[in-house]
Amino acid sequence: QNPWNIMIKHRQVARRGRRSQMAVSFTNPSVSMDLLRTVLQPHINEEIRAVINKYTKFFQKAAWNVKENIGEDVDPEQLVQETCKNCLEQAKLMYSDGGKMITKSIGELAAIKRSRQLEDDLSQRGSPIPKKWDPSRLTASTTFVLGSRANKALGMGGTRGRIYIKHPELFKYSADSQDKHWLGEKHHMPATGGKMAYLLIEDDIRELAASDDYRDSPELRLDELRPFVVPYWILEKMQKYMLAVRTEKE
């Protein structure tokens, strides 16, 4: 059924009501727009479902591969559901700039979102956005480590995330679902999904390890780092994140 026909019928019914109700319904812009959205929502939902269903087969195949690799504790259906939800959450970012539709790529939006989160974290601690965050630092040969491993390497394994609190100036990249899938495939982290994963630059951690604070620590375990390089598409997101942080603060 044509949604515009439904809209016309709804208006005709509303006109039979009291005039005061009509004034509220059709002179308030928000009410008018929400009325139209309500009418169109079932059709929008159907189209969104069709789009998600188009990609569900890929998610299902990946989820069963994860189950085969990890074991019985993995629930493939739950992984698929979470991935579908993440798709919708990422799509919402296109409309999150003050309620105005924007045309930036998802990668750019994610970088901006991360930069705002970092700015909030640092401002709460009274620290400025680190000026040394230079995208040119990142090259194809730059090696990275998981934040959890860096935490253990510096002898802070007993307190999860302590490295981020003690050293907020460190470059810290929050891996998205696509990044975590790659990290799991390469066995840099468990491919169970839903877990936060931060990537740090190996040189920054080794620089800390050589400082007076850590050099003579008996708990220093640099063998825990297990560094790796990342593909260009992750590197590009990191560079956009760095740039977004510097640009927004400046």
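**Close-up views of a predicted model**

View 1. Thr142 lies in the loop between α5 (106-124) and β1 (144-146), where helices (H or I, at least four residues) and strands (E, at least two) are DSSP runs numbered from the N terminus. The model is predicted, so local features need pLDDT of at least 70 and side-chain atom pairs count only at pLDDT 80 or more, while totals for chains, interfaces and linings use all residues. Residues are numbered from 1 along each chain as its sequence is written, and side-chain values use heavy atoms, with hydrogens and water left out. With a relative accessible area of 11%, Thr142 is buried (buried means under 20% relative accessible area, exposed over 50%, and partly exposed in between, with a 1.4 Å probe and protein chains only). The side chain of Thr142 reaches the backbone oxygen of Arg137 at 3.3 Å, and a polar atom of that side chain lies 2.8 Å from the backbone nitrogen of Thr139. When neighbours within four places in sequence are left aside, Thr142 is in contact with Arg137, Ile201, Phe228 and Val229, contact meaning heavy atoms within 4.5 Å.

**View 2. Thr56 in helix α3.** Thr56 is found in helix α3, which covers residues 29-70, and Thr56 is buried, its relative accessible area being 13%. Leaving aside the neighbours within four places in sequence, Thr56 is in contact with Val80 and Cys84, and both Val80 and Cys84 are among the buried residues of α4.

**View 3. The buried side of helix α4.** Helix α4 (residues 76-92) has 17 residues and reaches 25 Å from its first C-alpha to its last, close to the 24 Å expected at 1.5 Å a residue, the expected span being 1.5 Å times one less than the number of residues. In α4, the residues Pro76, Leu79, Val80 and Cys84 are buried. They cover an arc of only 135 degrees around the axis, which puts them on the same side of α4; the arc is that of the directions from the helix axis to the C-beta atoms.

**View 4. A network of salt bridges around Glu224.** Arg149, Arg221 and Glu224 are linked in a network of salt bridges, a salt bridge being a side-chain nitrogen of Lys or Arg within 4 Å of a carboxyl oxygen of Asp or Glu. Glu224 forms a salt bridge with Arg149, in which the closest N and O atoms are 3.2 Å apart. This pair links distant parts of the chain, with Glu224 in the loop between α9 (202-209) and α10 (232-249) and Arg149 in helix α6 (residues 147-153), 75 residues apart. Glu224 also forms a salt bridge with Arg221, the closest N and O atoms being 2.8 Å apart. Glu224 is buried at a relative accessible area of 11%, whereas Arg149 counts as partly exposed at 21% relative accessibility, and Arg221 likewise counts as partly exposed at 42%.

View 5. The side chains of Glu202 and Arg206 meet in a salt bridge, with 2.7 Å from N to O. Because Glu202 and Arg206 are 4 residues apart in helix α9, they are separated by about one helical turn. Glu202 counts as buried at 9% relative accessibility, whereas Arg206 counts as partly exposed at 35%. In total, the structure holds 7 salt bridges.

Notes. Polar contact = N/O pair within 3.5 Å; in protein donor to acceptor, adjacent residues only side chain to side chain.
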